[in-house]
Amino acid sequence: MPVNSYNGIAKGLHWLVLLLLVVQFIVAWTMPDIGHDTKPDGLIAWHLSVGTSILLIMLVRLAWRSVSIVPPPPDDLAAPLRVLSRSTHFLLYAILIVLPLLGWINANARGWTVRLVGLIPLPTLSPEGSSWGQDMGAVHQVVAYVLLGFVGLHVLGAMYHQFVLRDGLLNRMLPTHTPPQHSR
């Protein structure tokens with residue numbers, strides 16, 4: 001593993017969150033519109049379950065990041081790019097924690113029980129019928145689009161490093177393949 005590479009747990013959590021985000025957006029775009037009397041079944045139940053999974057993994061990821069060594073950006077990275085990188089990463093973490101919380105608040109305002117990974121009932125964050133909680137549904141939707149923008153910025157940054165700067169930065173988060181050692 002290169003010196004400036006993230007450890008296997010950090011890489012695994014990163015790619016697991018990406019996979020869950022892809023699933024989450026597919027479910028969100030294909031689930032039925034949510035009306036006043038909509039029940040949390042089918043794709044809506046999946047959306048809630050995947051959302052709580054993302055929240056849990058992000059909290060684990062944040063905890064892991066706080067106790068593990070995070071490789072620094074390259075020494076020769078320009079100060080504005082360094083600030084943009086740190087800001088983007090901070091906002092990605094923040095949005096990936098806040099977005100599921102907004103959905104949870106909205107679900108509770110609809111009278112729905114939110115379950116961690118679809119199994120463990122979670123506490124209520126807003127009372128049923130709460131107008132504030134119902135308004136969080138619209139905020140949840142807007143923040144989801146903001147998340148897509150930041151994911152796009154993150155990917156563009158990785159591509160810029162890979163194809164313009166050619167500094168190998170992308171390899172820090174890619175799974176590495178080590179050829180097997182053969183004995184002679």
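**Entry 1: the nonpolar surface patch**

I started on the surface, where Leu-81, Leu-84, Leu-153, Val-155, Met-159, Tyr-160, Phe-163, Val-164 and Leu-165 form a nonpolar patch with about 740 Å² of accessible area together. Helix 3 (79–109) and helix 4 (131–165) are the elements that give two or more residues to the patch. Helix 4 has the largest share, with 7 residues.

My note on terms: patch residues have over 30% relative accessible area and no salt bridge, with nonpolar side chains (Val, Leu, Ile, Met, Phe, Trp, Tyr) joined within 5 Å and like charges within 9 Å. A salt bridge is a side-chain nitrogen of Lys or Arg within 4 Å of a carboxyl oxygen of Asp or Glu. Areas come from the Shrake-Rupley method with a 1.4 Å probe, and for residues only the protein chains shown count as cover. Helices (H or I, at least four residues) and strands (E, at least two) are DSSP runs, numbered from the N terminus.

I have to remember that this is a predicted model: local features need pLDDT of at least 70, side-chain atom pairs count only at pLDDT 80 or more, and totals for chains, interfaces and linings use all residues. Residues are numbered from 1 along each chain as its sequence is written, and side-chain values use heavy atoms, leaving out hydrogens and water.

I then picked Leu-165, which lies in helix 4. Leu-165 counts as partly exposed because its relative accessibility is 35% (buried is under 20%, exposed over 50%, partly exposed in between; 1.4 Å probe, protein chains only).

Leaving out residues up to four places away in sequence, I found Leu-21 touching Ile-54, Leu-96 and Leu-147 (contact means heavy atoms within 4.5 Å).

**Entry 2: two residues that reach Gly-133**

Which backbone atom does the side chain of Ser-130 reach at 2.9 Å? I found the backbone nitrogen of Gly-133. Such a polar contact is a pair of N or O atoms within 3.5 Å; within protein, one must be able to donate a hydrogen and the other to accept it, and residues adjacent in sequence count only if both atoms are side-chain atoms.

Asn-106, in helix 3, has a side chain that reaches the backbone oxygen of Gly-133 at 3.2 Å. Asn-106 is buried because its relative accessible area is 9%.
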